[in-house]
Amino acid sequence: MSKNQYTVGLLFLIAGAVILLGKIGFFSFIGTNFWPLFLLIPGILLHVLFFGRLLPPFVLIPGAILTINAFLFFFCIAFGWSNLQYLWPIFIASAAVGLYEYHLFDSYHPKLPRTLAIILLLVAAAFFVIMLVWGWGLYLIAAAFLAVGAWLVVGRKARW
């Protein structure tokens, strides 16, 4: 058998395997469930290249944003996209983490990224609290009022 026939036969085997995997839904499963890897791998790679002293510290900002959001998307794939209605402030917090990493690992320790990180983290926390109060948090507030009221009425000794 010539080398040419061997190569053509190998190409036919590969093409047949790809078509068969496509027909049974392998590629759609991979595309549906593991697409956040296209965010996670560059995010981790930016961190590795920075800590390998190949890239400057400002690459930590997009690296943190990509990495944290990839984990958020994996969580939503596993537990449902309806959770994103409560977890969307994590997008803002990921930028805060990236800015704080930049402040932490830059040799000059600039103060502006740290200040922006704190502001963004407080904004994300405020939005998260608003999302909790807006949804089921009102029930917690009502339960807290009932508990304090019951303590004030029953918990104190009667003085009459």
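## Helix H3 and what follows

Helices are DSSP runs of H or I that hold at least four residues, and they are numbered from the N terminus. In this predicted model, helix H3 has 15 residues and reaches 21 Å from its first C-alpha to its last, which is close to the 21 Å expected at 1.5 Å a residue. The residues of H3 that are buried are Leu40, Gly43, Leu46, His47 and Phe50. An α-helix has 3.6 residues a turn, so residues three or four places apart point the same way. The buried residues of H3 pack against H4 and H6, whereas Phe38 and Ile41, on the other side of H3, are exposed.

H3 is followed by Arg53, whose phi is positive, near 60°, although Arg53 is not a glycine. Arg53 is found in the loop between H3 and H4, and at 76% relative accessibility this residue counts as exposed, because the cut-off for that class is over 50%.

## Aromatic pairs

The structure holds eleven aromatic pairs. In one of them the ring centres of Trp35 and Trp81 are 6.4 Å apart and the planes are at 10°, so this pair is stacked. The pair links distant parts of the chain, since Trp35 sits in the loop between helix H2 (26-33) and helix H3 (37-51), while Trp81 sits in the loop between helix H4 (60-79) and helix H5 (84-87), 46 residues apart. Trp35 has a relative accessible area of 30% and is therefore partly exposed, and Trp81, at 42% relative accessibility, likewise counts as partly exposed. Ring pairs also join Trp35 and Trp81 with Phe73 and Phe91 in a cluster.

Phe51 and Phe105 form an edge-to-face pair, with 5.1 Å from centre to centre and 90° between the planes. This pair, too, links distant parts of the chain, with Phe51 in helix H3 and Phe105 in helix H6 (residues 89-105), 54 residues apart. Phe51 counts as partly exposed at 48% relative accessibility, and Phe105 is partly exposed with a relative accessible area of 36%.

## Asn69 in helix H4

Asn69 has its place in helix H4 and is buried, with a relative accessible area of 11%. The side chains of Asn69 and Ser94 are joined by a polar contact of 3.5 Å. When neighbours within four places in sequence are left aside, Asn69 is in contact with Ile90, Phe91 and Ser94; Phe91 is one of the residues in the aromatic cluster described above.

## Annotated transmembrane regions

In the unreviewed UniProt entry, the annotation "transmembrane region" covers residues 7-28, 34-51, 58-80, 86-105, 112-130 and 136-154. Two of these annotated spans can be set beside the predicted coordinates. For residues 58-80, the end C-alpha atoms lie 33 Å apart, and the span is 87% helix and 0% strand. For residues 112-130, the end C-alpha atoms lie 27 Å apart, and the span is 100% helix and 0% strand.

Notes
Residues numbered from 1 in each chain as written. Predicted model: local features only at pLDDT ≥ 70, side-chain atom pairs only at ≥ 80, totals over all residues. Heavy atoms only, no water. Phe/Tyr/Trp six-rings, centres within 6.5 Å; stacked < 30°, edge-to-face > 60°. Helix = DSSP H or I, 4+ residues; strand = E, 2+ residues; numbered from the N terminus. Buried < 20%, exposed > 50% of the residue type's maximum accessible area, 1.4 Å probe, protein only. Polar contact = N/O pair within 3.5 Å; in protein donor to acceptor, adjacent residues only side chain to side chain. Contact = heavy atoms within 4.5 Å. UniProt positions renumbered as here; feature names shortened; annotations may be inferred. Expected span 1.5 Å × (residues − 1).
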